[in-house]
Amino acid sequence: MKRIYTLLLLTMLTLSINAQPILCGHRGSLWGVENTSEAFINGAKKGYKYLECDVKVTGDGEYIISHDDNTSRLGGNLTIASATLAQLKAETYTQTRGGVKYTGQICTVAEYLQICKDHNVKPLIELKWATGINNNDCSKIPGLISLIDNYGFKQEAIILTSMKPCLEYIRTNYPEVELQFLTGQYWASHFDWCVQWKIDADIQAGYFDKSTVTKYHEEGLKVGVWTVDDNGAYRTYGNYGCDFITVNSLDPATVPDLDEVNPLVPNTVDYPENRGIVQPSYTPELISNISTPDVLDGLTVKRVLLHNSKYYVLALGTGNTPNLYVINPETGDVTQMSTNGIDHGTVPLNDIAFSSDGFLMGCNLNTIAFAGDNTNYWRVYSWADDTAEPSVLLNVGTADYLGNFTSSVAGTTFCVSGQLNDCKIYVTAYSESRPAQYRVAGLQVTGGTIGTFVRNQNSTYTLEGWGRDVQFTISPNCRDNIIIDSPSTQPIEYTFLWDANATPMDEYKSMASGIVNTEATGINYFRFAGKIYCVAPNCTSDLKSASARMYDVTKGINKIVSLTDNFPSSMGEEKIGYLMGAGEVKDGCIYLYLFAQNEGMVKYVIEGEVPDGNTGEVDFKLEKVWSKTVNENNAPDHIDGTNAQQGGAHNGIFYVNDCVDKLVYMFNENGLIGTLPGGTGWGTACDDAGNIIIRNDKSTTTSHSLLIYPSGTSSSTAEAKELTFDLNEAGQTNFISASGDVLGEGGYVYFFPNKQTVVNILKIVNGEVESVKTSENLSITGSTAGYVIPIKNNPENWLYQVRGNGYYLYNGGDKAAFIAGSSSTTAPNRNSTCGGEYFTLSSHDIMIYNSGANYTGGFTIKDITADQVITSVAPIGNKGYTEGGNYSVSNWMFAEKIDAGSYYLYQYCPANGMAVYRFYDANYTSGEEKITDQPKDGKIKIYPNPAEYEIFIESNETVRCADIYNLSGSLVKTVNLENTGNKSINIENLASGIYIVKINKNEKGERFIKK
């Protein structure tokens, strides 16, 4: 019964725009003292369908409503467990909410239930720890249930608590009562228990995503979220499919509509997620291009599947004799699989498919002479592996699901969702005698036994529309959706209705027009991190040439986006026959395949991340290079934190914009070294190339302005490049971050607006705005200190931070993946100070996040790959938020690569100072690394780095001379290298520190560390 309920629920989810979630008034509403009659009545008038309350028990055994154990927070002086109801009623409580001061008295549960009855709303009752209502004693619960029943709410009220024994007691003794388990960050630890006891979940905002809701829905359980109070968060959790949203003041009349495409339930059963780093675009590289094997000559290819990097080809010979081949796409080697026992006469093997657990399955059926002929059976076969004999998995009587379908041919094509012994099978049949028409049947199989027959008997899918070569694919978005792929029409997605027989499938979406030429078939799907991709082959209308592209199908087939240019199949100028495209992910790389019977097979690769530096055991170390801090009593001026709240750093120099002085103050190891004309905003950042980017406004609308200086600018008379632009989403954005080279080949500036669940991403190329895009919806709503931590120059892969909430990973989509733990003042957990950094060293992902006491500037370095803390660094000063202004509310960290084995870490903590550290892998020796790639024009490479006695220089231009500067810009050494062979420089006499080497009097240089 549970499975039927789940199917009905998922079917409803696929049919329309997301149903609006039910709003529940938190402690009644914002309009009144919490949990009082006024708050409940005003919540009902606002339009909330449920009113949430907190139940306690008085000293004389009465049920009253209060969140706390005592009344002191609201102006009283009583302890509820020992006070009588009369004593509590004598107190008057005050509370200022939303700028309004309210007064009120304690409310009993009976009074609350009467309000619900009078105003036609339902009770949502949270059990707080009280006498007779706790994990050790449930003696007062029967009285509460009886009271609820007296007001007619026993089957309408929801009882909510985090106390499992109380919920188990109610479920055992009052099974008709609706229950919710209150949880938060660790909901996954309680999921199996919720399923066991059939108890819904109410999860704290910020700790789950759409897949969580789907997981509960697939078990027939509902999901609520608490507490949400802005439209952006409402839209996020509504699009997740949450059934209930608990709010304080959100207006039901003005909440936004939910997304149309999001009702699809992500199908991770048949398309499991593969790890990788999502990119905004891709360039496939050809691996192999070979002819199709001769064994296929004269055969008709019916279906080609890709599994474990091999083609599985079903080809029909004379008399529809089935042949199954396994083909290596790189070598062309062929293995023939057994078809022994499959009738080769009028019952061919019509189609093949793979179950989600990797079993090859096939189906066939004879032509039926008349309806009800149960002497013919539709058979499903399976193969355990490539060398196994086929075994009959199912014998299905045709009349069971075809109905009155005269002269039918069933099993013409099919697809499978789920594992071999627990799956859904969809199969087509068509009629020769009636108007050429397809019908679709669904069979649910559990443990090898058919559990459900559903047929779409009255379908109107004609052969003219679908064609005889129609193919089925399970949708990557929803297991109950089928994608029809035919040479005569663009792919169409249908919703299969499992709740009724003789009902036509509803068309859900059609393929976006102009994307795929419909003469090609065989579109396959796969998951890559937060995205769904497909390889869509296409060919010219005269079938003389073919190519393909890879597409993003995450938002549905009607909104697919091209990610590659055409990559040619190189399949010649002849008729291509059957053409199939597929993709798979292995070790972070994407492999793309095209197959054409007459012309050949091609394979491409999109390389993943290439390991840099040491790939063996690591030994991470941190050492301070220099610092100017309050603790050392040498912190520079102009970093008070009130007006100079964010800083950027590059090449040994910090840049801090004072929005009152409108000056950018520049600091290095010697202190203040100069200023630049600044902007009126707080935000300051450096991109990867060192360009200095400054907010020139404090706008909370979509209109903004930036000032940009080239890397290395130091003159106080320099003029900045000014850009004005409009973002897509409004909201206060105090802080910015940047990546790439905004004055060169291209980079991005990231804006995370307050009260939004999206990030605005501004692309700048050669100093001009090229585009503005908006990220997918995030799980966590931004605050005034929301901040993005770029990962390389990739707008599809970054971290975002909400102060006081956490650090989360965005990888083409948001799954609310915690990078650092929940709020704490104990290292290594992060605190509510904003800022952080993320980078890769020796194939390990390294996270830097704030730790220690809030607002004092300590940080922790964690090896995310090994899941262990490397070190925690004490605060660099003692000036905190309580000192005034915004002292130390941020601890900005920036990592700058030195070489494959080390990074500089820059730290700017407003009011407390700045510091530079060297973070390195002691098991990596850069001097032993052979540099194989040549530097780009004007660039040089220095090794070893750090160095103690000498350094070597490599460049793609002739090195005539080298100048060495310290970080204050003073020339300390000049070397003539024109007549030397090895381009080495002795640095033995230099003091320890950071230096810059410039060759041939060029403007730009490279840094090295002298040990």
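Predicted model: local features only at pLDDT ≥ 70, side-chain atom pairs only at ≥ 80, totals over all residues.
Figure 1. Although Asn-766 is not a glycine, its phi is positive, at about 50°.

**Figure 2. Ala-529, a buried residue with a positive phi.** Ala-529 is situated in the loop between β30 (524-528) and β31 (531-539). Its phi is about 55°, a positive value in a residue that is not a glycine. With a relative accessible area of 4%, Ala-529 is buried, since this figure is under the 20% limit for buried residues.

**Figure 3. The cis peptide bond between Trp-226 and Thr-227.** The omega angle of this bond is about -15°. Thr-227 occupies the loop between β11 (223-226) and α9 (231-240).

**Figure 4. The largest nonpolar core and the surroundings of Tyr-216.** The largest nonpolar core contains 62 residues. Those that touch the most other members are Tyr-112, Leu-127, Ile-133, Ile-170, Phe-208, Tyr-216 and Tyr-237. When neighbours within four places in sequence are left aside, the contacts of Tyr-216 are Trp-187, Phe-191, Cys-194, Ala-201, Ile-203, Leu-221 and Val-223. Another core, of 31 residues, lies apart from this one and includes Ile-639, Leu-799, Met-847 and Tyr-908. In soluble globular proteins, nonpolar side chains tend to be buried together.

**Figure 5. Helix α8, largely enclosed by the rest of the structure.** Helix α8 covers residues 210-217. Six of its eight residues are buried, and the helix is therefore largely enclosed by the rest of the structure. The buried residues of α8 are Lys-210, Thr-212, Val-213, Thr-214, Tyr-216 and His-217.

**Figure 6. An open sheet of four antiparallel strands.** The strands follow the order β55-β56-β57-β58. At the edges are β55 (836-841) and β58 (868-873), each of which pairs on one side only. From one strand to the next, the twist averages 20°. Six bridges connect β55 with β56 (residues 844-851) in the antiparallel sense. Gly-836 has Tyr-849 of β56 as its bridge partner.

Note on methods
Residues numbered from 1 in each chain as written. Heavy atoms only, no water. Helix = DSSP H or I, 4+ residues; strand = E, 2+ residues; numbered from the N terminus. Buried < 20%, exposed > 50% of the residue type's maximum accessible area, 1.4 Å probe, protein only. Core = buried A, V, L, I, M, F, W, Y, C linked by side-chain atoms within 4.5 Å. Contact = heavy atoms within 4.5 Å. Pairing = 2+ DSSP bridges. Axes fitted to C-alpha atoms, helices over the stretch in contact; angles between N-to-C directions.
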